[in-house]
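Biologist: I am new to reading structures, and I would like to go through one slowly with you. Could we take the features one at a time, with the general idea before the particular case?

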Amino acid sequence: MTITKELIKERFEEFNQKYFNGQLGKCRLYFLPKTQPTLGKYNGQEDRRGNPIDRIGIGTSVIWYEDLFKRVLIHEMVHMYNRRIDDCRWDGVLGHGRHFRRQARRIRREFGIDVDTRNMKVDFINPDLYPRRWEKIILWIIDR
């Protein structure tokens, strides 16, 4: 499965309506660097005027398939929901505390989707896209 920005935006809007009743606001969607072997990442801040700035990054060093992409995007949207709707600024280590678990249980109960990706195996990281440590060292030496 090939992930594009248009696909991420389309699914974000679809999932926002379906799983969060359209309550989530605007969100900047972007790709994480290839050197960061992460499925997804949410970052929520406010600008100087107090306006929300929300960002969701999707990993590029992942061999994506439909179910995994859906679970990861909804997982990151739960973080956004906790920040914007529940107004939760601290929810345990890495944001997976009781507020996150409550929303994850709701989505699992109502829609049958397990968005708790913390316990997933990491066998879907594409080794061709993520350079090994010795390759990074060689590239660093060459670029000097």
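Biologist: How many disulfides does the structure hold?

Modeller: A disulfide is a covalent bond between the sulfur atoms of two cysteines. This is a predicted model, and the structure holds zero disulfides.

Biologist: Are Cys 27 and Cys 88 buried or exposed?

Modeller: A residue is called buried when its relative accessible area is under 20%. Cys 27 has a relative accessibility of 16%, so it counts as buried, and Cys 88, with a relative accessible area of 11%, is buried as well.

Biologist: Where in the chain is confidence lowest, and where is it highest?

Modeller: The chain averages a pLDDT of 85, and 84% of its residues score at least 70. Confidence is lowest in helix H4, residues 133-143, where the mean is 68, whereas helix H1, residues 5-20, has the highest, at 96.

Biologist: What is the volume of the largest pocket, and which residues are the closest to its centre?

Modeller: The largest pocket has a volume of about 660 Å³. It is lined by 24 residues, and those closest to its centre are Tyr 42, His 79, Leu 94, Gly 95 and His 96.

Technical notes: Residues are numbered from 1 along each chain as its sequence is written. This is a predicted model: local features need pLDDT of at least 70, side-chain atom pairs count only at pLDDT 80 or more; totals for chains, interfaces and linings use all residues. Side-chain values use heavy atoms; hydrogens and water are left out. pLDDT is the predictor's confidence in each residue, from 0 to 100. Helices (H or I, at least four residues) and strands (E, at least two) are DSSP runs, numbered from the N terminus. On a 1 Å grid over the protein atoms alone, a cavity is a set of points where a 1.4 Å probe fits but cannot get out, and a pocket is an open set with protein on both sides within 12 Å along at least five of seven lines; lining residues have an atom within 4 Å of a point. Grid points are joined across faces, edges and corners, and a volume is the space filled by probe spheres set on the points. A disulfide is a pair of cysteine sulfur atoms within 2.5 Å. Buried means under 20% relative accessible area, exposed over 50%, partly exposed in between (1.4 Å probe, protein chains only).
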